[in-house]
Amino acid sequence: MAAILEAKNIKKYFKTPKGTLHAVDGVSFSIEEGKTLGVVGESGCGKSTLGRVLVHLLERTDGQILFEGKDISDLTKADLKNVRQNMQMIFQDPFASLNPRQSVSEIIAEPLQIYRRVSSKADLEKQVLELMDTVGLARRLANSYPHELDGGRRQRIGVARALALNPKFIVCDEPVSALDVSIQAQILNLMQDLQEERNLTYLFITHNLSVVKHISDEILVMYLGKMVELASDKDIFLNRLHPYTKALLAAVPLPVYGTEKKKRQLLRGELSSPINPKPGCRFAARCPYAKEQCHQKEPALEEIMPKHFVACHFAREINGI
């Protein structure tokens, strides 16, 4: 299946009083139509910045973005408006991302009005109610305001708004992290059902490894703006190769009772600064396998196994490949 979105060497830097912050630094990947790419990593690794760059909420510093084979890296306002019909975003905080002065129906109706997808007031009302039905929002809530609703319902409004223009690609920026566990499951199941019905493609950003395992086809692991590993969801969980990915998954709490607890792989050392980063691997200061080469030369992302990419000088040696 052809890739609907390709990112080539995407970089996003920010100027700060202390120097240049390398938020996203040379990230490349592609997503097939109808699939989900999960992006994981610690807070501050650049996950959300990457998602915002792809949909042009932030403009990239360098790199190329291809959507359906067309270069959308540099767009005029008119072109960007057209592209945004097919690329939408669901935000992390369902309350902060909604206009508190608008009712549920007004929030969902806004994109339909901006893009003139309705022919009359009756048609607008019909489409809004249909979208509410699609995401499981009761019609009686049409005139309610965000502050009157719980987190799950607010996030359903965000999903309905994102679906209003029938997009092909949606960036989901930690869409369930602010919700209770039971509500998380409902939203995740809703998103998977919508993906099957509408052949949607997701970039799913999260720090919750249980969530990313549940929803993703492929998983990209980031550390301080860099890609460290990219593979299928099964490979990441059964055969992770990068030391950081190993440590990340070792930190997941397991509900085991009555048996000996597994030894945790603790990360020691100081977190490197993403401001004017030094040469070498950014994980070297915390890596138990680091050698002199790691501090001097940045590792390239290599295909260590079929469709399994790792950025580590000693990945083969560590894993006996």
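Leaving aside neighbours within four places in sequence, Gln88 is in contact (heavy atoms within 4.5 Å) with Val55, Arg161, Ala162, Leu165, Pro167, Phe169, Ile170 and Val171. The model is predicted, with local features requiring pLDDT of at least 70 and side-chain atom pairs counting only at pLDDT 80 or more, while totals for chains, interfaces and linings use all residues. Residues are numbered from 1 along each chain as its sequence is written, and side-chain values use heavy atoms, leaving out hydrogens and water.

**Gln88**
- Gln88 belongs to strand β6; strands are DSSP runs of E with at least two residues, and helices are runs of H or I with at least four, numbered from the N terminus.

- Eight strands form an open sheet with mixed pairing, in the order β6-β7-β8-β3-β9-β10-β12-β11; two strands pair if DSSP finds at least two bridges between them.
- Strands β6 (87–90) and β11 (302–305) are the edges, each pairing on one side only.
- Strands β3 (residues 36–40) and β9 (residues 218–223) run parallel and are joined by four bridges.
- Gly38 stands opposite Ile219 in β9.

**Helices on the sheet**
- Helix α1 (residues 47–54) packs on the sheet, where it touches β3, β6, β7 (169–173), β8 (201–205) and β9.
- The direction of helix α1 makes about 150° with that of β8; axes are lines fitted to C-alpha atoms, for helices over the stretch in contact, and angles run from 0 to 180 degrees between N-to-C directions.
- Helix α6 (residues 181–198) also packs on the sheet, touching β3, β6, β7 and β8, and its direction makes about 155° with that of β8.
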